[in-house]
Amino acid sequence: VVAQPNDPAARPDASAARAVGYCLSSVTADGVGEIDSLYVLDEFRRHGIGSELVRRALAWLEAREPKKIIVVALAENTAAVEFYKRFGLQPRAVVSE
């Protein structure tokens, strides 16, 4: 995602477009779709950017008709677990470190 100078999510001092977040997704050879990585710069969080990235990633994945879609979040990262639940993704396994 790129913030434009006139974008409401852009900081007031932004004078040029810049990347503020990304979402990497993949589908394995055996048909498992995954949101591999999601990141939004701290100052751009809580503006809907992460949600839009996930919506686009899910649309991209669903267009490829995977057997299932997964995302890995540590059990301790309750904010991430709750975030992904908003998109219908439910915890199926607990990973702790």
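Arg 46 sits in the loop that connects strand 4 to helix 1, where helices (H or I, at least four residues) and strands (E, at least two) are DSSP runs numbered from the N terminus. The phi of Arg 46 is near 70 degrees, a positive value in a residue other than glycine. Most residues other than glycine have a negative phi. Arg 46 counts as exposed because its relative accessibility is 85%; the classes used here are buried for under 20% relative accessible area, exposed for over 50%, and partly exposed in between, with a 1.4 Å probe and protein chains only. The model is a predicted one, in which local features need pLDDT of at least 70 and side-chain atom pairs count only at pLDDT 80 or more, while totals for chains, interfaces and linings use all residues. Residues are numbered from 1 along each chain as its sequence is written, and side-chain values use heavy atoms, with hydrogens and water left out.

A second residue of this kind is found further along the chain. Glu 65, which is not a glycine, has a positive phi of about 50 degrees. Glu 65 belongs to the loop between helix 1 and strand 5 (68-71). With a relative accessible area of 71%, Glu 65 is exposed.

As for the overall layout, the chain contains 2 helices and 5 strands. Their order along the sequence is β-β-β-β-α-β-α. Of the 97 residues of the chain, 27% count as buried.

Turning to the strands, strand 3 (residues 21-27) and strand 4 (residues 32-40) run antiparallel and are joined by 7 bridges; two strands are taken to pair if DSSP finds at least two bridges between them. The hairpin formed by strand 3 and strand 4 has 4 residues between the strands, and in this hairpin Gly 31 takes a positive phi near 85 degrees. Tyr 22 stands opposite Tyr 39 of strand 4. Both tyrosines, together with Leu 24, form a nonpolar patch on the surface, and the accessible area of the three together is about 290 Å². Such patches are made of residues with over 30% relative accessible area and no salt bridge, like charges being joined within 9 Å and nonpolar side chains (Val, Leu, Ile, Met, Phe, Trp, Tyr) within 5 Å. The areas themselves come from the Shrake-Rupley method with a 1.4 Å probe, and for residues only the protein chains shown count as cover. Leu 24 lies in strand 3, and Leu 24 counts as partly exposed because its relative accessibility is 47%. In a regular strand the side chains alternate between the two faces of the sheet.

Strand 4 also takes part in a pocket. The largest pocket has a volume of about 680 Å³. Its lining comprises 25 residues, of which Leu 38, Arg 45, Ala 80, Phe 83 and Tyr 84 are the closest to its centre. Strand 4, helix 1 (49-63) and helix 2 (78-85) are the elements that give two or more residues to this lining, and the largest share, 7 residues, comes from strand 4. On a 1 Å grid over the protein atoms alone, a cavity is a set of points where a 1.4 Å probe fits but cannot get out, whereas a pocket is an open set with protein on both sides within 12 Å along at least five of seven lines; lining residues have an atom within 4 Å of a point. Grid points are joined across faces, edges and corners, and a volume is the space filled by probe spheres set on the points.

The charged side chains complete the picture. A salt bridge is a side-chain nitrogen of Lys or Arg within 4 Å of a carboxyl oxygen of Asp or Glu, and the count by this rule comes to 5. Arg 45 meets Asp 42 in one of them (3.1 Å, N to O); Arg 45 is partly exposed at a relative accessible area of 39%, whereas Asp 42, at 55% relative accessibility, counts as exposed. Glu 52 and Arg 56 form another (2.8 Å, N to O), and these two residues are separated by about one helical turn because they are 4 residues apart in helix 1. In helix 2, Glu 82 and Lys 85 lie 3 residues apart, about one turn of the helix, and their side chains also meet in a salt bridge (3.2 Å, N to O). Glu 82 counts as partly exposed at 44% relative accessibility, and Lys 85 counts as partly exposed at 31%. Finally, salt bridges that share partners join Glu 52, Arg 55 and Arg 56 into one network.
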